[in-house]
Amino acid sequence: MLNKIIKNYFFVLFSLIPISLVLGSTVSLINILLIDIIFLFILIYEKNFLFVKNNAIKCFLVLYIYLVFNSFISVDHSVGLARNLGFLRIIILFIAMNYFFKDQKFFQKVLTIWSIIFIIILIDVFIEIILGRNILGYESPYRRRIVSFFKDEPIVGGYLNAFYLIIIGFLYSKFGKNFKKPILIISILAIIGILLTGERANFIKAFLGIILFYSFFDLYKIKHKFYFLTIVTIFISGFIFSNDFLKNRYIDQMKSLLLDNRIYYDQYRSGYKVFKEYKFFGVGNKNYRIVSCSKFEEEANKWIDIIGKPSDVFGQDGYEADFFIREYVEYRCNTHPHQIYLELLSEHGILGTIFILYIIYKLIISKFIFSLKSMNYIQLGSGIYIIFIFLPLVPSGAFFSDFLITLFALNVSIFYASNSNLNIFSNDDYNKKI
């Protein structure tokens, strides 16, 4: 058994994960490494590695081997190597969370802290909407987009989206029927909070996620679920049509995007062009920027020579380019193509994409489909979040970026750790040995 000091050490670090994500990728990385390193010492001390036989661990290890292989076939080997090698921290974090969260008291204490942090950040979003600045005085540099504690990054909607179903599921698991109305209110406020951030893609995923979550919920009758959906829709519609910024962002801009999706069309076309040139294995993880920027500059300079424009008419991302150049240059200089499937295809090719999606299917989707009836509310919430990461057509951030891959890892870990039948430390052989 672990002594109290070590257990408290991990309790603090697990509890601080949501805060570390807010403080930035460096702080988040340090927090995860502090978990991983000490946890490895515990595993070595116990001399118990039976969990390696678990199919989920095998999937993660095979994925890791592929990512290392991907580094060596990349356009620039050095660019994605650190990211791919660093994926090992995600695997160790997954194992550590299964190990500690098997203790239900420990798990509930950590999720209680997460719930408090989540509610504070959600309240902060509403404060920024009302006052124009958050609790700490941060003002958004993106017009009326909300940044909250993230200071200069409009990603709080994605953050809330990654945690809100876990938190709602936890509250239902802990309080059940006695706390139904307050949890419903928190659910509505969470959706409205994500709406108010102005992050369209995350709002779409969150809205669909809450509908799916309550569809499988057994604490409410069908008519109550219908009432909930109606109330949420009315609130959302009211906020959108009564606020010029939200109306412009969710109605006018969405309509414009559907009729003339210039920005996303350019990004998607660029991603597809890179994929066409590197069909089988892609350009390599994190190498999209290198190829797309190089191709953009190459094509743009050709048109500049033709139309006699100076070379400084276009910016690094291409959006200040002359209309003629923007119309005919098929590449866009950016870090990723802003859509997860085009990101996978351009950086991993058709073979790598099929392999990664197959691993995701084996890890999550197959478990979600075949274990739906036996899922607890926390597992249901984390599973829904993961599935909607791979929602087609909707724009997305870079999947393997530190921020998004950590949110993904947390949800996958909780999906397994929260279910005693799925937890990788729940098998009989392991229990006998410890």
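Which two cysteines form a disulfide, and how far apart are their sulfur atoms? Select Cys293 and Cys333: they form the disulfide, with sulfur atoms 1.9 Å apart. A disulfide here is a pair of cysteine sulfur atoms within 2.5 Å, and by this rule the count comes to one.

Before going further, a word on the model. It is a predicted one, where local features need pLDDT of at least 70 and side-chain atom pairs count only at pLDDT 80 or more, while totals for chains, interfaces and linings use all residues. Residues are numbered from 1 along each chain as its sequence is written, and side-chain values use heavy atoms, with hydrogens and water left out.

**Stop 1: around the disulfide**

Stay with the two cysteines and turn the view until you can see the S-S bond. The link of Cys293 and Cys333 is right-handed, with 80° about that bond. Cys293 lies in helix 14 (residues 288–307) and Cys333 in the loop between helix 15 (323–328) and helix 16 (340–370), so the pair ties together parts that are 40 residues apart in sequence. Helices (H or I, at least four residues) and strands (E, at least two) are DSSP runs, numbered from the N terminus.

Are these cysteines buried or exposed? Cys293 is buried, with a relative accessible area of 13%, and Cys333 is buried too, at 6%. Buried means under 20% relative accessible area, exposed over 50%, and partly exposed in between (1.4 Å probe, protein chains only).

**Stop 2: the whole chain**

Zoom out now. The protein chain has 19 helices and zero strands. Of its 434 residues, 51% count as buried. Contact means heavy atoms within 4.5 Å. Among contacts between residues at least 6 apart in sequence, 73% join residues at least 24 apart.

**Stop 3: the nonpolar cores**

Next, select Phe14 and Tyr172. These are the residues with the most contacts inside the largest nonpolar core, which has 121 residues. Helix 8 (residues 156–175) gives the most to this core, with 13 residues. A nonpolar core is a set of buried Ala, Val, Leu, Ile, Met, Phe, Trp, Tyr and Cys residues joined through side-chain atoms within 4.5 Å. In soluble globular proteins, nonpolar side chains tend to be buried together.

**Stop 4: the cavities**

How many cavities of 30 Å³ or more are there? The count comes to four. On a 1 Å grid over the protein atoms alone, a cavity is a set of points where a 1.4 Å probe fits but cannot get out, and lining residues have an atom within 4 Å of a point. Grid points are joined across faces, edges and corners, and a volume is the space filled by probe spheres set on the points.

For the largest cavity, with a volume of about 50 Å³, select Leu67, Arg83, Gly86, Phe87, Arg89, Ile90, Phe400, Asp402 and Ile405. Helix 6 (88–101) and helix 18 (402–417) are the elements that give two or more residues to this lining. Colour the lining by class and you get five nonpolar, one polar and three charged residues. Here Ala, Val, Leu, Ile, Met, Phe, Trp, Tyr, Cys and Pro count as nonpolar, Asp, Glu, Lys and Arg as charged, and the others, Gly among them, as polar.

The second largest cavity holds about 40 Å³ of space. Its lining is Phe60, Leu63, Phe87, Ile360, Leu363, Phe399, Phe400, Ile405 and Phe408, and by class that is nine nonpolar, no polar and no charged residues.

**Stop 5: the loops**

Finish with the loop between helix 7 (104–131) and helix 8, where Ile155 lies. Ile155 is partly exposed at 22% relative accessibility and touches Phe150, Glu199 and Phe403, not counting residues up to four places away in sequence. Lys151 has its place in the loop between helix 7 and helix 8 as well; its phi is positive, about 70°, although it is not a glycine.

Last, select Lys177, in the loop between helix 8 and helix 9 (180–196). Lys177 is exposed, with a relative accessible area of 62%.

Technical notes. 1 Å grid on protein atoms, 1.4 Å probe; cavity = no way out; pocket = protein on both sides within 12 Å on 5 of 7 lines; lining within 4 Å.
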